[in-house]
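Keep the sequence and the 3D view side by side as you read.

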Amino acid sequence: MDFGSLINNLFWLFLVFAFLSPYFQRQALEAARTRQILSLERKRGSRVITLIHRQEAINLLGIPVARYIDVDDSEEVLRAIRLTDPGMPIDLVLHTPGGLVLAAEQIALALLKHPAKVTVFVPHYAMSGGTLIALAADEIIMDENAVLGPVDPQIGEYPAASLLALVQSKPLDKIEDATLIRADMAAKAIKQVAELAEKLLAKHMDPERAATTARLLSQGTWTHDYPITVEEARGLGLPVSTSMPREVYALMSLYPQTQIRRPSVQYIPLPYTKGGQE
């Protein structure tokens, strides 16, 4: 074989390797996630379901895709619940900015109906529709610095509560028809979400407190991205603890952000103690 043929063969081998490498990396990552889920299930004697939204690279161009709760998620979570014995606890690892109310509601109601204990783990954040899902749990286990968020609905790009405030502050003849239509939708959306939140909260608090908490969470008390801390969540009467298993953190490490950008946070990935590294 002459030198030119060798170079040509090496070139094609490189192309094949470059093409297949992402596939094998993805398969290895999926296998590691499965092992970690099985480890957590054995420790807790439960069915573990993950609902984790990151920006993950897709196809060969590495295009990042923003993830949120959608109907595909609700379909898969409902299938997992159907495949779980009524007497087996369910553990849901939740990391999401929120998403479609319809999908979040389907998941929350399915968890509410599950006879055995339902635990939701929030290692970092579960906002909006994620919080709505967490309200269906018997126990919400949060990292000490994790947050939940309000569940007030959004109509397009506008908070529903702000649309209602607008129509109450201006004469109707000064408001466009399209805005009035959005305000009507906003009133219905707030009512629907408040009723759902109250139904979910009634699982672990008295009816009066459930109604009060549902109103606080759904009617624009805070901005939509307001972080509800562990202490505030407990103050609202939510069944929150901070006994997060190490396996959940290990599982989250297997859902890395896309590496397209240069990382802005770096550290030695080992536990540190006052006496030195472990």
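The chain exposes about 16,500 Å² of surface, and carbon and sulfur atoms supply 57% of that area. The model is a predicted one. Of the chain's 278 residues, 40% count as buried. Nine helices and 13 strands make up its list of elements. Among contacts between residues at least 6 apart in sequence, 71% join residues at least 24 apart.

Five strands form an open sheet in the order 1-4-5-7-11, with parallel pairing. Its edge strands are strand 1 (47-52) and strand 11, each of which pairs on one side only.

Six bridges join strand 1 to strand 4 (residues 90-95), and the two run parallel. Here T50 stands opposite V93 of strand 4. Further along the order, strand 5 (residues 118-122) and strand 7 also run parallel, joined by four bridges. T119 faces E139 of strand 7 across this pairing. I141 has S241 of strand 11 as its bridge partner.

Now look at strand 7 itself. Are its faces covered or open? Strand 7 (residues 139-142) is covered on both faces. E139 and I141 are buried on one side, and I140 and M142 are buried on the other.

The largest nonpolar core has 47 residues, and L111, I133 and L238 touch the most other members. Helix 3 (residues 101-113) gives this core its largest share, seven residues. Apart from this core lies another, of twelve residues, including I37, V48, L251 and Y255. Leaving out residues up to four places away in sequence, L238 touches L135, I140, L148, L201, H204, M205 and A233. One of these, I140, is among the buried residues of strand 7.

S128 sits in the loop between strand 6 (125-126) and helix 4. Its phi is near 50°, a positive value in a residue other than glycine. In general, most residues other than glycine have a negative phi. S128 counts as buried because its relative accessibility is 13%, under the 20% cut-off.

T131 lies in helix 4 (residues 129-134). Why does T131 count as buried? Its relative accessible area is 1%, and buried means under 20%, so T131 qualifies. A polar atom of the T131 side chain lies 2.6 Å from the backbone oxygen of A126. Beyond four places along the sequence, T131 touches A126, L148, G149 and V151.

L132 is in helix 4 too. L132 counts as buried because its relative accessibility is 4%. Which residues does L132 touch, not counting those up to four places away in sequence? They are A104, A108, V151, L196, A197 and L200. A104 is 28 residues away from L132 along the chain, yet their C-alpha atoms are separated by 6.7 Å.

Finish with helix 7. This helix (residues 207-218) has twelve residues. From first C-alpha to last it reaches 16 Å, close to the 16 Å expected at 1.5 Å a residue. At its start, a side-chain oxygen of D206 comes to within 3.1 Å of the backbone nitrogen of E208. After the helix comes G220, whose phi is positive, near 80°.

Which residues of helix 7 are buried? They are A210, A211, T213, A214, L217 and S218. In general, an α-helix has 3.6 residues a turn, so residues three or four places apart point the same way. Apply that idea to A210, T213, A214 and L217, which are among the buried residues. The cover over the buried residues of helix 7 includes helix 6 (177-201).

Terms used
Residues are numbered from 1 along each chain as its sequence is written. This is a predicted model: local features need pLDDT of at least 70, side-chain atom pairs count only at pLDDT 80 or more; totals for chains, interfaces and linings use all residues. Side-chain values use heavy atoms; hydrogens and water are left out. Buried means under 20% relative accessible area, exposed over 50%, partly exposed in between (1.4 Å probe, protein chains only). A polar contact is a pair of N or O atoms within 3.5 Å; within protein, one must be able to donate a hydrogen and the other to accept it, and residues adjacent in sequence count only if both atoms are side-chain atoms. Contact means heavy atoms within 4.5 Å. Two strands pair if DSSP finds at least two bridges between them. A nonpolar core is a set of buried Ala, Val, Leu, Ile, Met, Phe, Trp, Tyr and Cys residues joined through side-chain atoms within 4.5 Å. Accessible areas come from the Shrake-Rupley method with a 1.4 Å probe; for residues, only the protein chains shown count as cover. The expected span of a helix is 1.5 Å times one less than its number of residues.
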